[in-house]
Amino acid sequence: MAVVPEECLESIERIIANKKRILERKEDLFSYAYDASFGIHCPDMVLQPISTEEVVSIVRLANQFKIPLYPRGRGTSLSGGPLPVHGGIVLDFSLWNDKLIVDSDDSVAIVSPGVLTADINTKANEFGFMYPPDPSSAHVSTIGGNLAENSGGPRGLKYGVTKDYVIGLEVVTPEGEVIRTGGRTIKNVTGYDLTKLIVGSEGTLGIITEATLKLIPKPAATKTALILFDDLVDSGRAISRVLSSGILPSKMEIMDQASIIAVENYKPLGLPTDVEAILLLELDGHPYSIEDEIEKVKSVCLSVGGREVIIAKSDEEASDLWQARKLVSPAIVRIKPTKISEDATVPRSKIPEMFKRLKQIKEKYNIHLVVFGHAGDGNLHPNIIADQRDNEEMKRVELAVEEIFKATIELGGTLSGEHGIGNMKSPFIEMELGKEGLDMMKRIKQAWDPNNILNPGKIFPEPGQKLVLSNG
């Protein structure tokens, strides 16, 4: 574990004049020892920079003393992204939220790393625009964290993920230099695309201090439908059939029976608990166009085994239907206290087969497996609900998680659609990339960060590393 030397502390106090932004008390440090994933790793110190100049000085100091740095937003990561697994310093960017500028002429937003993601969309709406990336944590997560993880969300099906809206960055490199990538133009093919390289690099290649984001016109209207299925696999077929019919929903979410029951027990909404799956679908665009499309969706879903299609008649009814999906996460943790959230993503055509594999894994390991997620783009969220105090159960969970990843790769999928690799999935990354692909990534990391100070212990597996959820 890293220890911050005394002479380094003196320099830090010169860099950050306000002592309130230097945290060293044990109770403060413990607040940064965990995120929304699994495991506890306490830092030696927490700093809260609010300027590029402060970040530059901190990074140069860390290089001099070989101190690990762990950039962090609001700690909503589900893969262990900001956890200080080797001690050192956590850089908390949640206070750095002073810049949120919308330029309607260029259709861009310029933001500081600590701005809440939902606030960007709210501000864009005032000018008739939208910022499409909408992770479920958007109201509490920072744009800096979303950029680091290349976050997605329900609208990813139609509009893509975070990287599709980043056209320029200001970045502090691991050696304390400031570079600007991209710019304010939509088209830019000058040299290597360093913007795309940084977005999704999970804080291992650079620290983002400012971002220029593309905005798009806000759609004129939306329409929501809820479709009930007696068979989970039929719901998977419906997803493929709708998308091949020429209709592209803005959102297409799925909840399995376990999710539905959990929500009804948590907050009764009148959902039928005898169905195996619910599809929630949203269309956006011109009012007349989506009226026609929603009827086509209804016809397609009923033709592949849908029991019933409920179409919202107002924005209020649509909000009520979407409430069920929003309640899944808080509902399932009432069953058991430990939640392991995965985001295995498969090609859309393989969704029915992935559903079959998940049912088999659930039965094989006798685990409480709940499936929900962004079905339209194949980004499923198999969540395992367990009790960390039950060591035997947690060993079964470890085996189940590994088998979920194997099934995902065998079906042509990816370990992560939006949560990132962090330290939770790093033991499995070679399974997807192969030895040569992983080695190429390591070479990039070495070139950018020769002293390995930025977020060490993430993405790349350490020798012998395995997923460990049990206590022995």
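Trainee: In the hairpin of S8 and S9, which residue takes a positive phi?

Mentor: In this model, which is a predicted one, the hairpin of S8 and S9 has 5 residues between its strands, and Gly-176 takes a positive phi near 85 degrees.

Trainee: How many bridges join S8 to S9, and in what sense do the two strands run?

Mentor: Strand S8, residues 166-172, is joined to strand S9, residues 178-182, by 5 bridges, and the two run antiparallel.

Trainee: Which strand order does the open sheet have?

Mentor: The order is S5-S6-S10-S8-S9, an open sheet of 5 strands with antiparallel pairing. Its edge strands are S5 (100-103) and S9, each of which pairs on one side only, and from one strand to the next the twist averages 15 degrees. Within the sheet, S8 pairs with strand S10, residues 207-214, in the antiparallel sense over 6 bridges, and here Val-166 has Leu-213 of S10 as its bridge partner. S10 also pairs with strand S6, residues 108-111, again in the antiparallel sense, over 4 bridges, with Val-108 standing opposite Lys-214 in S10.

Trainee: Which helix packs on the sheet by touching S8, S9 and S10, and which one lies across S5, S6 and S10?

Mentor: Helix H3, residues 52-65, packs on the sheet by touching S8, S9 and S10, and its direction makes about 50 degrees with that of S8. Helix H4, residues 117-125, lies across S5, S6 and S10, running at about 35 degrees to S5. As for S8 itself, the strand is mostly covered, with 7 of its 7 residues buried.

Trainee: How should I read the two faces of a strand, and are those of S3 covered or open?

Mentor: The general idea is that in a regular strand the side chains alternate between the two faces of the sheet. S3 pairs with strand S4, residues 89-92, in the parallel sense over 4 bridges, and Leu-69 stands opposite Ile-89 in S4.

Trainee: How do I describe two packed helices, and at what angle do the axes of H8 and H13 cross?

Mentor: Two packed helices are described by the angle between their axes and the distance between the axes. For helix H8, residues 232-243, and helix H13, residues 351-365, the axes come within 8 Å and cross at roughly 160 degrees. H8 and H13 are therefore described as roughly antiparallel to each other, and H8 passes H13 in a right-handed crossing. The residues making the contact include Leu-232, Val-233 and Ile-239 of H8, together with Ile-351, Pro-352 and Phe-355 of H13.

Trainee: Which residues touch the most other members of the largest nonpolar core?

Mentor: In general, nonpolar side chains of soluble globular proteins tend to be buried together. In the largest nonpolar core here, which has 60 residues, Ile-254, Leu-279, Met-354 and Ile-384 touch the most other members, and helix H14, residues 391-410, gives the most to this core, with 7 residues. Apart from this core lies another, of 25 residues, among them Ala-124, Phe-129, Val-199 and Ala-211.

Trainee: What does Leu-279 touch, not counting residues up to four places away in sequence?

Mentor: Among the residues that Leu-279 touches are Ala-225, Leu-226, Ile-227, Phe-229, Met-252, Ile-254 and Ala-375, and the list also includes Ser-235 and Glu-253.

Definitions and conventions. Residues numbered from 1 in each chain as written. Predicted model: local features only at pLDDT ≥ 70, side-chain atom pairs only at ≥ 80, totals over all residues. Heavy atoms only, no water. Pairing = 2+ DSSP bridges. Core = buried A, V, L, I, M, F, W, Y, C linked by side-chain atoms within 4.5 Å. Buried < 20%, exposed > 50% of the residue type's maximum accessible area, 1.4 Å probe, protein only. Contact = heavy atoms within 4.5 Å. Axes fitted to C-alpha atoms, helices over the stretch in contact; angles between N-to-C directions. Parallel < 35°, antiparallel > 145°, perpendicular 65-115°, else oblique. Left-handed = near helix turned anticlockwise from the far one by under 90°.
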